[in-house]
Amino acid sequence: MTLDSILPQLTQDVELVVVDGASPDNTSEVMAAYVSQHPHIRYYREEVNSGVDQDYDKTVNYANGEYCWLMTDDDLIVPNAVSRILDALKDGLDLVVVNSEVCNVDFSEILEPRLLNIARDNEYIEGKHESLFAEVGSYLSFIGGVIVRRAFWLGRDRVSYYGTLFVHFGVIFQSPPIRAVRVIADPLIKIRYGNAMWTARGFEIWMFKWPELVWSFQGISDESKRLVCPRRPYLEGKKLFLYRAIGGYSVNEYSRFLSISMTGLKAIRAYAIAICPAVLSNFISAVYCVINRKNTRTGMYNLVRSPHANWATRVLARLMGVPRS
């Protein structure tokens with residue numbers, strides 16, 4: 001679906017580079033069919049799986065264009081998105097960030113019309129590095145919104161960020177500060193929410209790997225970093241309870257990640273949440289979403305799709321108009 005949303009928008013000025021990180025599925029057969037019909041697609045199959053960060057880096061290296069849109073593999077671009085990007089590019093821009101709308105798995109409903117809550121385009125020029133971090137950093141956990149100047153990317157340290165799962169974030173916010181960025185307010189991407197390859201690793205990623213990366217940058221104030229994410233989100237009982245409700249936190253995660261580093265009342269609370277009946281935590285969280293309707297549709301969507309959702313959660317989701325699939 002992703003390729004089908006891109007191909008009609010290609011022009012002679014745009015190439016499509018696909019890197020297959022030694023996937024064990026039938027990607028090579030699928031791509032052979034696409035390449036036979038669209039010879040301008042360049043497909044590279046790697047011999048070993050180097051990880052998502054290195055694969056994105058390889059893709060930029062393989063590219064010939066001046067700018068690279070670091071597209072994801074299961075989201076869609078809206079009609080005329082490529083032409084909008086080409087119109088937005090101008091000399092000197094290091095980065096273009098495009099907004100997204102969040103959809104359910106089959107794209108039949110919109111959960112959030114604008115993931116980045118801005119109404120008009122913004123530009124961040126030299127000296128606005130920290131403002132970009134504070135205002136757009138949280139959104140930039142999503143790599144599909146990134147169009148980067150290839151020379152800028154290749155001139156930055158990427159290797160140090162292999163294994164973080166967010167190599168693009170490291171490229172953008174390392175020193176020296178990025179000079180010129182444009183953020184497009186209109187959503188040009190439809191995110192297929194709830195289908196990320198790392199859903200099973202969500203606790204580790206969002207409680208540890210992402211915060212560690214965000215808080216690693218020198219020259220950015222703690223206040224700006226907190227606007228992106230807490231330094232230790234696993235200390236917040238509310239977050240642990242939500243992860244328990246969606247099936248992302250249990251005694252296994254407590255034993256693996258928290259039991260050694262936490263002591264006292266915080267450890268007791270974390271363990272109590274880990275053993276709380278998941279169906280009960282799911283329902284309580286759903287009630288919270290109903291009471292606090294503002295900005296909770298994606299939260300309710302996670303809850304109703306959880307293996308711990310029961311009929312009560314499904315009824316509450318229906319009251320909010322949140323789809324089950």
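Contact here means heavy atoms within 4.5 Å. With that in hand, welcome to a set of close-ups of this predicted model.

**View 1. Leucine 70 in the largest nonpolar core.** Leaving aside neighbours within four places in sequence, leucine 70 is in contact with Tyr56, Val60, Ile143, Gly144, Val146, Val148, Trp153 and His168. The largest nonpolar core has 83 residues, and Leu70 is listed with Val136, Phe169 and Met300 as having the most contacts inside it. Strand β9, residues 181-192, gives the most to this core, with 7 residues. A second, separate core holds 15 residues, including Leu240, Tyr243, Tyr249 and Ile273. As background, nonpolar side chains tend to be buried together in soluble globular proteins.

View 2. The model's count comes to 21 aromatic pairs. One of them joins phenylalanine 133 and phenylalanine 217 edge-to-face, at 6.2 Å centre to centre and with 70° between the planes. This pair links distant parts of the chain: phenylalanine 133 sits in helix α5 (residues 129-136), while phenylalanine 217 is in the loop between α8 and α9, 84 residues apart. Both phenylalanine 133 and phenylalanine 217 are buried.

Now look at phenylalanine 166 and tryptophan 210, a tilted pair with 4.8 Å between centres and 55° between the planes. Phenylalanine 166 lies in the loop between α6 and α7 and tryptophan 210 in helix α8, so the pair ties together parts that are 44 residues apart in sequence. Phenylalanine 166 and tryptophan 210 are buried too. Ring pairs link Phe133, Tyr161, Phe166, Phe169, Phe173, Trp206, Trp210 and Phe217 into a cluster.

**View 3. Salt bridges involving strand β9.** The whole structure contains 12 salt bridges. In one of them, arginine 84 pairs with aspartate 186, with the closest N and O atoms 3.3 Å apart. Because arginine 84 lies in helix α4 (residues 81-88) and aspartate 186 in strand β9, the bridge ties together parts 102 residues apart in sequence. Arginine 84 is partly exposed, with a relative accessible area of 31%, and aspartate 186 is partly exposed at 30%.

Lysine 190 forms a salt bridge with glutamate 101, the closest N and O atoms being 2.4 Å apart. Lysine 190 counts as partly exposed at 26% relative accessibility, whereas glutamate 101 counts as buried at 11%. Salt bridges that share partners also join Arg84, Arg114 and Asp186 into one network.

View 4. The side chains of aspartate 94 and arginine 179 meet in a salt bridge, 3.8 Å from N to O. Aspartate 94 is in the loop between α4 and β5, and arginine 179 is in the loop between α7 and β9, 85 residues apart. Aspartate 94 is buried, with a relative accessible area of 2%, while arginine 179 is partly exposed at 39%.

**View 5. Isoleucine 275 and a nonpolar surface patch.** Val251, Tyr271 and Ile275 make a nonpolar surface patch of about 250 Å². Isoleucine 275 belongs to helix α12, residues 264-275. At 47% relative accessibility, isoleucine 275 counts as partly exposed.

**View 6. Threonine 296 in a loop.** Threonine 296 is found in the loop between α13 (278-291) and α14 (297-304). Its relative accessibility is 9%, so threonine 296 counts as buried. Not counting residues up to four places away in sequence, threonine 296 touches Cys289 and Met320.

Methods:
Residues numbered from 1 in each chain as written. Predicted model: local features only at pLDDT ≥ 70, side-chain atom pairs only at ≥ 80, totals over all residues. Heavy atoms only, no water. Patch = residues over 30% accessible without salt bridge, like charges linked within 9 Å, V, L, I, M, F, W, Y side chains within 5 Å. Areas by Shrake-Rupley, 256 points an atom, 1.4 Å probe, with all protein chains shown as cover. Salt bridge = Lys/Arg side-chain N within 4 Å of Asp/Glu carboxyl O. Helix = DSSP H or I, 4+ residues; strand = E, 2+ residues; numbered from the N terminus. Buried < 20%, exposed > 50% of the residue type's maximum accessible area, 1.4 Å probe, protein only. Phe/Tyr/Trp six-rings, centres within 6.5 Å; stacked < 30°, edge-to-face > 60°. Core = buried A, V, L, I, M, F, W, Y, C linked by side-chain atoms within 4.5 Å.
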